[in-house]
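Let's take a friendly walk through a protein model and look at how charged side chains pair up. Keep the sequence and the 3D view side by side as you read.

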Amino acid sequence: MPQTQDVVELILQDHRRMEDLFRLMRSVEADRAAALKEFADLLVAHAQAEEAKVYPALKRYKSIDDEEVEHGEHEHDEGNEALLALLEVEEVGSDEWDSKLEELVEAVTHHADEEERTILNGARENVAMERREELGAAFLEERERQLKADCGSIDNVRRIVKA
């Protein structure tokens, strides 16, 4: 269980875990398929929780740019499409798999970097800690609900991408 309820810190923790999973998915010594499964679940649960609980609340703050929040949602779509492309590759570790993995890394890393610089810094500077903790609790609850629903399954990712 996370030590903090601050939504900014919780999101950052997820971003760091995704980076760890990228390293595992690139490593020939790691269980790459297991790392992909954990990554798929985390990416989808994280994005769904942000869009359901965090982004709508942050749009209410004048100092947080609505366009950045909407751009973040668009980047979630790109990440989901890249995730689906990787999940659909038949052979883990094949050249195609490595290529699709790099496309996924690029999409997610770009989004996380932008989100950290714009949305999360804005939230840290302009949203009171009490409110960030309320958002953190809502984020964790939705994230957990998504994880229990096997949100990273290929069928669910296909459904999300088509929506």
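Which residue forms a salt bridge with Asp113? In this predicted model, the partner is Arg117, and the closest N and O atoms of the two are 3.2 Å apart. Both residues sit in helix H4, 4 residues apart, so about one helical turn separates them. Arg117 has a relative accessible area of 49% and is partly exposed. Asp113 is partly exposed too, at 39% relative accessibility.

Now try a pair that reaches across the chain. The side chains of Lys37 and Asp150 meet in a salt bridge, with 2.7 Å from N to O. Lys37 belongs to helix H2 (residues 32-58), while Asp150 is in the loop between helix H5 (129-148) and helix H6 (154-162), so this pair ties together parts that lie 113 residues apart in sequence. Lys37 counts as partly exposed at 39% relative accessibility, and Asp150 counts as partly exposed at 37%.

Helix H6 brings us to another pair. Here the side chain of Arg158 meets that of Glu88 in a salt bridge of 3.2 Å, N to O. This pair also links distant parts of the chain: Arg158 is in helix H6, whereas Glu88 is in the loop between helix H3 (66-87) and helix H4 (95-126), 70 residues apart. Arg158 is partly exposed, at 29% relative accessibility, and so is Glu88, at 41%.

Salt bridges can also join up into a network, as they do for Arg16, Glu19 and Glu116. How many salt bridges does the structure hold? The count is 17.

Definitions and conventions
Residues are numbered from 1 along each chain as its sequence is written. This is a predicted model: local features need pLDDT of at least 70, side-chain atom pairs count only at pLDDT 80 or more; totals for chains, interfaces and linings use all residues. Side-chain values use heavy atoms; hydrogens and water are left out. A salt bridge is a side-chain nitrogen of Lys or Arg within 4 Å of a carboxyl oxygen of Asp or Glu. Helices (H or I, at least four residues) and strands (E, at least two) are DSSP runs, numbered from the N terminus. Buried means under 20% relative accessible area, exposed over 50%, partly exposed in between (1.4 Å probe, protein chains only).
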